[in-house]
Structures are given as structure tokens and as C-alpha cells.
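Please examine the sequence and the three-dimensional structure shown below. The report that comes after them is meant to be read with both at hand.

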Amino acid sequence: MIATRLLPRLSAAKPAASAFASSSRLPTSSRAFSSSAISLANTLLYLEHRKGTLNPSSLVALTAAKKVGGDIHAFVAGDEGVKDVADKASKVEGVSKIFTSESPKYKGLHSEPIVPVLKSLVEKNSYTHVFAGHTAIGKDVIPRLAALLDVSQVSDIIAVESEDTFQRPIYAGNAIATVKSSDKIKIITVRGTAFDKAAEEGGSASIEEVSDAEAADAPTTFVEEKINQSSRPDLATAPRVVSGGRALKSADGFKKYIEPLADQLNAAVGASRAAVDAGYADNALQVGQTGKIIAPELYVAVGISGAIQHLAGMKDAKTISAINKDPDAPIFQVADVGLVADLYEAVPEMMEKLKK
Amino acid sequence: MMRPTGIASALRVMVPVKRTIDYAVKIRVASDGKGVDTNVKHAMNPFDEIAVEEAVRLREKHKGAISKITAVSAGPAKTADVLRTALAMGADDAIHVEIPDNSLGGPLEPLGVSKILREVIKKANEEEEVGLVIMGKQAIDDDASQTGQMLAAQLDWPQATFASKLEFTSGKLEKGEEVQVTREVDGGLAVVKTKLPFVMTTDLRLNEPRYASLPNIMKAKKKPFKKYSLKDLGLEDDAKPRLEVLKVAEPPKREGGAKVEDVDALISKLKELGRID
């Protein structure tokens, strides 16, 4: 528990901070959790993928798993292309073994066929920890697994304090809880912005196939997917994000003021819930407690007041800039660079001046 | 009893609801550092309001196909307030699993709630079989996003999480019937088909909940209201928390508030910080 006090709350995830801490500040008792010491942990990582690409959140979850130490295995399931994903995953640093399972039963990656296979793997190999990204798929699959194993899951962690103690935000990020699990298996989902991604090279994991025999023939079947195609950077991982709110007044306003500014800054587009509810922007662009949680280097909030639920999604951005007409808008309490101005004048002026 | 004739198998819908701190309240960490100050306005978890609304709309759309909408909640005495709200919105009866404050030694966790719901459904089935559970995708206090999935696992039912649209493809609401659900996933939408009975969790986009009218609030007071204890459900030990909250702290404060004069100053400041080229 001494380690609890010494580790900086949010920067515990950053390699520089923890290296500094472990070299000079932490007492010996905490070394059990550093990568050099022997850990009794034995972790299974649920690897998410899409069209042959590893999901960045899984690589973030791996970094969190490494902080627990011990041997780390990964599991990849899918209806096609699993071998390619496994090949890529085998090169990821820190994983010693990849279990793969390919079957038409997994189409759509529903929890019902995947969870029995995961459960069987966890039991056979006596894993002490299961890690996954806190993504739509992670949120769907992992709690079902936890219940079948009779374990209380720890969701959306932002820091690892020890093998059984983790930090997680509650109340839309307005409080940080430190929780200690008494369960035999620790089942964890990890916030995608809280740790760095594990390196995609330097590893050499072995690959082993797992049969789909235990995958239940689930009543749930895949119909179709409607994924928004965009040439812009992905919102969840973009280094820069330009977000618009209710003040844009229309979908046209969004197109005219937010999108070109985003393009000029090579940024992803985000939106407040108000803008999404009013139909100015797509649901998938919503930033906040119930939408995406992001931590870009630069977040530009345009015409967004800054409700608690919105701040929950972006207040870990490195730099927050806000343009808003209302000098008392709560967004200015968190903005590093705030400009009180009419967006309809300020945004065109900004685009004009950025061109030079 | 209330079941309309001519329907072979009307559906009983269960809607779990949670009493949480009102979403608009700015929460404060309690002075003991073990939780937050809960002496503030509470309300029904917003996602659960959407769940109640969806159940009520389902009945309005498919006349005679729903036998009963049962709202259920677990927690201390005040939890009854949100059950009354659900009844005023259109639920037919309510079940309160009363758990006195501090009797568990920690906050009730999603795993415990999923077991409570499983047992409540078993009991409810003795009167009329539950064929669908609609519940919020997450509670805005613990932000866990687990209970619906855990309940589906406890019942060995399929699950359709983060739903923004629910369609009964055959128009019939009975066991084994196919249902189409549109789910909000990362990057867009996923459409799935599943079969009753199943557990669905609601996304914000599913509907806009109604306000309870005064006459309906009055009527709600007369609706059936059942109470169970954990002992009644055989869960005195099994609902106990597995996670110990060691500490609750304020998140790191941001040093915001720096305003600039004009667009030029905005651009040069962002350049100075190395955030734009």
C-alpha cells in the first residue's frame, strides 16, 4: 500500500514516470510488480481485430497486463483471417503464446460462441488474470465470461497498482476509485487511452490452434454491419481532434465549419451529445461518458459548453482548446487555450490564417 | 389473470432499474476518501428510463402481446422511489429487493445484481414466465457496463448489448421468435438477429423516455409492489462484494482557464505548445 501513495495517479502508466519511481522511490516490496521480478501471474489477453488489423485497445490492454507481470498469452477468434492476425500478434512484444480459433460460428464476434471457448482456456491453463480492451466488443464479451467464472470484473482501469489492485474512474470520471479484487481470477478491461500501446515488433510468440467445439451454436446471428467510412484519422486514436457542439446549429454547419478545420489540422472529427442528438453528426463521433473516451494531444472544442458527461470523454487530452461565445461556459475551466468568440467568425479566420 | 385471450403466449418483460445520483449533480468525493457524498439528489439511472420506455412502447405497438411489465430494483429503502417512477411511466408491477445500507460490507456489484435478478426472474416465472429483459447499458455511478451481460450468462440467454433499435421481425412476441436488434458498436452500427428469451441493454439512441404524468403518478401508488430480502432469494452470501474499495479520490485537476484575446493569439499559443505546425 506504500506503493499506492507514491505512484502518481495517472502517470503511473507512463514508462518514464514508472521507471523513475522504481529506480529511486519505491520500496523493495513493490518490486514484485516490476517486469524484472518473478511474478506468479499468468495472463490471458483477449485480442480484438478487424479485417486483419489488431485493435489498438488490445495493445493498450497488453501494456496494462505487463504491469502485472508474469507470462502473457493471447487469444484471437474470428470467422476469417485469424491466421494473419495471429502472425501479426506473434510479433507483438510481451506475448509468449497465441491461441487462435477460426470458425464461421464467430461471425460478428458475438459473446455467446466466444465466451465458452475463453472460459475453457482460462480453466485449462489456470490463468490468474484476463485482460481486454474496454471497447464495444470487450464490454460485450468480458462480463459474460466473468459471470460464468463467478468473478467480479474490474472495468475500464486506468492504472495497475499491483496484481490485485487497480484504479478506475467512476461517476463519469469525476472520481477515481482504487479497488482490490479478492477473486481468484482477476478479470480486467482497460481504458484505451490510459496506457501506451505495446510495440508491434520484437516478439516471437508460438501459435496454437484451439477447436471451436466448445463454441455454442448461439441463437444470435450476424445480419450486417454499418461502419462509417471516413478518410479522416480514427477518432479513438487520432493525435488531434476537432469537435463541434450544439452551436453549429445544423448538419450543414458541421460540414462547413468543423470538417474543413479538422482536415486542415489533419484531425479526427468529434461531437458533443447535443450535436449528435440533434442529428448534426453521426452517433459514432460522440465524445463523452456514453460515447468515445479519447486523449489526443490536441482537442479543439468548438461551440461546446462542456457538460460533465462531455468532459468525461476528453479531459485527459494533453492540450484542450475551446472556442465559445459564452465566457462562462464550463469548457473554459479545463481549456488550456480558450477564445471567447463567435465560432462563425473565428473558425473561418482560423482556417484562413492556418493556410499561411 | 390479466392475460388477454387469443394470444397463445404473451410476453412478460422484466426491466431492472437503478437509483443513482442524478446525472446533472456535480459529485464530490466524501471526506473519508472511501466514496462520494451521496447526500444529494438521486434519480433513475438515465439508461434505465430508456429501458422502461422501450418496454412500454413495445406494449403500445403490439397490443395484447405483453402480459406484464415488471420493474425490479435492489438497494436500500429509498430504492422504492425509482420503482414508483417506473410504475408511473407504465410498468405494471414492481419488485424491490431490499438491502439495508452497509449490510453487505461494500457496494453491491454487477455480479451480485446479476444473481439477484436471476433469482427474481426464477420467482417471477412461477407466476408468468419472463421472456425478455430490457435494461440500461451502464449505470452512471459505477460506469461498469456489466450487469446485463452477466445476467444473460446467469440465465444462459443470448444478449444484445448497446441497442439503438429493436424490431420483432415476425410481429409475434413469444418464446423462440426472432428479433432484430441494431447495436451501437465502435465505428458504427451492427445489426444482429437473436431469439426470445434474451437480455437487451439500451443505448441512449433507443428512444426518448416520457415524463410520468400526475394522474399516472397517482395510479402508480396502487400498483402491485413486492418486497424480497436477500434471504428470500437465497443470496445472503452470494451477493457480497468481491472488490474492496481502498480509496476514492478526486481526479487530477486541470489548470484550465487561460483565455486568449483573438484568433492570432490562439494560433500562436497552439504553435508554441507544439500542438499545430
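## The interface between the chains

The structure is a predicted model. Its two chains, A and B, meet in a contact to which chain A gives 87 residues and chain B gives 78 residues. Between them, the chains bury about 7,000 Å², and carbon and sulfur atoms account for 54% of this area. Which residues of chain B lose the most area to chain A? They are B:Arg242, B:Arg254 and B:Arg275, and together these residues make up 11% of what the chain B side buries.

Side chains of opposite charge can pair when their charged atoms come close. Across the interface of chain B and chain A, nine salt bridges are found. The side chain of B:Arg275 also meets that of A:Glu297 in a salt bridge, with a distance of 4.0 Å from N to O.

Chain A is divided into domain 1, which comprises residues 2-28 + 36-214, and domain 2, which comprises residues 240-355. The centres of the two domains, taken over C-alpha atoms, are separated by 32 Å. Six residues of domain 1 are in contact with eight residues of domain 2.

The area buried between these domains of chain A is about 610 Å², with 55% of it given by carbon and sulfur atoms. On the domain 1 side, A:Ala172, A:Arg191 and A:Thr193 lose the most area to domain 2, and together they represent 68% of what that side buries. How many salt bridges link domain 1 and domain 2 of chain A? The count between them is zero.

## Enclosed cavities

The model contains three cavities of 30 Å³ or more. The largest cavity holds about 110 Å³ of space. Of the 13 residues that line the largest cavity, those closest to its centre are A:Tyr171, B:Tyr23, B:Val25, B:Ile27 and B:Ile140. By class, its lining consists of eight nonpolar, three polar and two charged residues.

The lining of the second largest cavity has two nonpolar, four polar and three charged residues.

## Salt bridges within the structure

Over all chains, the structure holds 47 salt bridges. One of them joins A:Glu259 to A:Arg232, with the closest N and O atoms 3.5 Å apart. A:Glu259 lies in helix α7 (residues 251-264) of chain A, and A:Arg232 lies in the loop between β13 (221-227) and β14 (240-244) of chain A, so the pair ties together parts that are 27 residues apart in sequence.

## Local backbone features

Most residues other than glycine have a negative phi, and most peptide bonds are trans. A:Ser126 is not a glycine, yet its phi is positive, at about 45°. This serine, A:Ser126, is placed in the loop between α5 and β6 (129-133) of chain A. A:Asp156 likewise has a positive phi, near 60°, and lies in strand β7 (residues 154-157) of chain A. In chain B, a cis peptide bond with omega of about 0° joins B:Leu196 and B:Pro197. B:Pro197 lies in the loop between β9 (188-195) and β10 (198-202) of chain B.

Finally, B:Val113 is found in helix α3 (residues 110-127) of chain B. B:Val113 and B:Ala239 are 126 residues apart in sequence, while the distance between them in space is 7.1 Å from C-alpha to C-alpha. When residues up to four places away in sequence are not counted, B:Val113 touches B:Leu108 and B:Thr147.

Definitions and conventions. Residues are numbered from 1 along each chain as its sequence is written. Chains are lettered from A and ligands numbered from 1 in the order in which they are written. This is a predicted model: local features need pLDDT of at least 70, side-chain atom pairs count only at pLDDT 80 or more; totals for chains, interfaces and linings use all residues. Side-chain values use heavy atoms; hydrogens and water are left out. On a 1 Å grid over the protein atoms alone, a cavity is a set of points where a 1.4 Å probe fits but cannot get out, and a pocket is an open set with protein on both sides within 12 Å along at least five of seven lines; lining residues have an atom within 4 Å of a point. Grid points are joined across faces, edges and corners, and a volume is the space filled by probe spheres set on the points. Ala, Val, Leu, Ile, Met, Phe, Trp, Tyr, Cys and Pro count as nonpolar, Asp, Glu, Lys and Arg as charged, and the others, Gly among them, as polar. Contact means heavy atoms within 4.5 Å. Buried area is the accessible area (1.4 Å probe) that two parts lose on being put together, summed over both. Domain bounds come from an automatic or database domain assignment. Helices (H or I, at least four residues) and strands (E, at least two) are DSSP runs, numbered from the N terminus.
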